[in-house]
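Hi,

Here is the structure I promised to pass on. Have a look at it first, and then read my notes below.

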Amino acid sequence: MWYACFVTPVHTIWLLNPYAAGSHKAWAEGYAAHSRHRIRVLAMPGYFWKWRLHGGAIELAEQARLVLDAGERPDALLATSMTNLSAFYALLRRELSGVPAVLYMHENQLTYPPPPGTKRDLTYGMIQHLSMLTAD
């Protein structure tokens, strides 16, 4: 119906962005600014991208616990491609049980061209693949 956009409830969405720099940061801020939902951005500075994919979920889980302790629970998660979504959910499996997740693949490490003269490290593509399998 034409009026559905006016009666659809507003949801609380946590946007997980462990690499908040450049286009990753611009996308997250743009989405948050233009969404009709309440967006809480859980983010980390945009450097050490490999570490962010390996361990950023640990810091994001700590940020999430602070928000949960303050009484807010998300209706959904929106994770960027730099989020190890499997690890994030594992760290908060009790607290976020039943909360669906969407994974936004800003870029992926399975097809991203490696620097000239280097071989592709499939570790990062595999982390992203596991995140894809974890997302709803």
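Let's start with two strands: strand 1 and strand 2 (residues 38–45) run parallel and pair over seven bridges. A quick word on terms: strands (E, at least two residues) and helices (H or I, at least four) are DSSP runs, numbered from the N terminus, and two strands pair if DSSP finds at least two bridges between them.

Before going on, please keep in mind that this is a predicted model, where local features need pLDDT of at least 70 and side-chain atom pairs count only at pLDDT 80 or more, while totals for chains, interfaces and linings use all residues. Residues are numbered from 1 along each chain as its sequence is written, and side-chain values use heavy atoms, with hydrogens and water left out.

Back to strand 1, which covers residues 12–20. Nine of its nine residues are buried (under 20% relative accessible area; exposed is over 50%, partly exposed is in between, with a 1.4 Å probe and protein chains only). Ile13 has Ile39 in strand 2 as its bridge partner. Strand 1 also pairs with strand 3 (residues 76–80), again in the parallel sense, over four bridges. There, Leu16 has Ala79 as its bridge partner.

Now find Gly46, in the loop between strand 2 and helix 3 (49–69). Gly46 counts as partly exposed because its relative accessibility is 21%. Leaving out residues up to four places away in sequence, Gly46 touches Tyr19, Ala20 and Ala21 (contact means heavy atoms within 4.5 Å).

Last, the rings. The structure holds four aromatic pairs (rings of Phe, Tyr and Trp, the last by its six-membered ring, with centres within 6.5 Å; planes under 30 degrees apart are stacked, over 60 edge-to-face, the rest tilted). One of them is Tyr47 with Phe48, edge-to-face at 4.9 Å centre to centre and 85° between the planes. Tyr47 is partly exposed at 44%, while Phe48 is exposed at 60%. Arg52 lies over the face of Tyr47, 5.0 Å from the ring centre (for Arg, CZ must be within 6 Å of the centre and within 35 degrees of the ring normal; for Lys, NZ is used). Elsewhere, Trp27, Tyr31 and Tyr104 form one aromatic cluster.

Cheers
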